[in-house]
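Here's a quick briefing on a few spots worth a look. Have the sequence and the model open as you read.

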Amino acid sequence: VIVTSPPRAVRCHISAQQSNKATNNNFHSRFEPKMYFGHTAISTLCLLNFGSFAFADKLLRNRKLGDVGGLSGNGTPRNGLPGNKDEEDDPRRPGGPNLDFGQEADYIVVFKDESSHSSFSQNEMATVNSVRHLNFMNGEVIKLPNAQAAQQWAERDDVLFVEKDQEVRKLAEEVPYGINLVEALNIDYVAGSGVKACIIDTGYALNHPDLPNNINYNNDNLITGFNPYDSGDWSVDGDGHGTHVAGTMAAVGNNIGVVGVTSKANMPLHIGKGLEDNGSGTTSGVLAAMRDCVQSGAKVINMSLGGAGPSASVQAFLTQLENDGTDVLIVAAAGNGGDASYSFPASYDSPLVMSVAAVNSN
């Protein structure tokens, strides 16, 4: 049974001539026991048809949790989520939300449209524990007691999908020997070109002696930032990982420390503190940082981080950027495992994402 909409009034009609034709073509021979396609049998088929629609509707409701982000047999996206029929069996494709049938956790709830989200905000927001607002994609991060509660949210008619807000962690590099490997010192950044880079990580040590800052370059907009979390500040890096990544990209040539890819330049940077000072963050935090990077005008977004698996929310946001024609390149670390496993965000099925693996000094 192919279902394209929830069950409504079902109309079934077949003429006696069509019924006899079906019988003469041995159409009924596939059924056991054999059925005579007369008026009584036709009425029975109509009843079964209505019942199958009702049953399939329940399957569709369950699929919002069990098969989010998947594709139908003809490559059509399910539940309005992005999909690629050429990559239907690709392990990189988000095959469903991540649920943990256990302790209290944060869940990303994405509503079907702006009207549904607005109605929720006006009438129900005060009754839930909302951790973060994702208004740009009609979503909320809500703290729920367990996955059973998430299931109940997914079954709502105004909800597109629900997924667990996963932990995302830093991915590190020991020594920036790659500067010479990519011939960075042979290329000059063109000041005023409008190319801005964004770093989503643990923050940026704004007063670090080997990094550009607004005071030294007399430009209040050279280094800007955003922090989606309630604690911490984008200009303070309690972990150091984000500052290390920033140094690989933009450490200045001043005879101390190291040099970065744009060491002879004053390329503007935007910092998205997608990871907190302990080196970890959440999918929704990283997602909010990604959106802020785009809004800041960044042409390149660096993400030296990874999580436990794919996120339908991030995939939907990437598809939205692609559909909008957004001019941005997201460079993400393939991971430190040295194996064939897929790391995210590096492995999302999007032309906007470049996955970068490591090489040694040789």
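Arg-169 sits opposite Ser-280 in β9. This is a predicted model, where local features need pLDDT of at least 70 and side-chain atom pairs count only at pLDDT 80 or more, while totals for chains, interfaces and linings use all residues. Residues are numbered from 1 along each chain as its sequence is written, and side-chain values use heavy atoms, with hydrogens and water left out.

- Strand β5 (residues 167–170) and β9 pair antiparallel over 3 bridges; strands are DSSP runs of E, at least two residues, and helices are runs of H or I, at least four, numbered from the N terminus. Pairing takes at least two DSSP bridges between two strands.
- The open sheet has 3 strands in the order β9-β5-β11, with antiparallel pairing.
- β9 (280–282) and β11 (305–307) are at the edges with a single partner strand each, so one side of each has no neighbour in the sheet.
- From one strand to the next, the twist averages 35°.
- Helix α7 (residues 283–295) lies across β5, β9 and β11, at about 80° to β9. Axes here are lines fitted to C-alpha atoms, for helices over the stretch in contact (heavy atoms within 4.5 Å), and angles run from 0 to 180 degrees between N-to-C directions.

- Strand β1 (residues 105–111) has 7 of its 7 residues buried, so the rest of the structure largely encloses it. Buried means under 20% relative accessible area, exposed over 50%, and partly exposed in between (1.4 Å probe, protein chains only).
- Both faces are covered: Ala-105, Tyr-107, Val-109 and Phe-111 are buried on one side, and Asp-106, Ile-108 and Val-110 on the other.
- β1 pairs with β3 in the antiparallel sense over 6 bridges, and Ala-105 faces Leu-144 there.
- β1 also runs antiparallel to strand β4 (residues 159–164), joined by 5 bridges, with Lys-164 as the bridge partner of Tyr-107.

**Ile-142**

- Ile-142 belongs to strand β3 (residues 139–144) and is buried, with a relative accessible area of 1%.
- Leaving aside residues up to four places away in sequence, Ile-142 touches several others, including Ala-105, Tyr-107, Val-109, Phe-120 and Trp-153.
- Arg-132 is 10 residues from Ile-142 in sequence and 7.4 Å away in space, C-alpha to C-alpha.

**Out at Val-359**

- Val-359 lies in the segment after β13 (353–356) and is exposed, with a relative accessible area of 55%.
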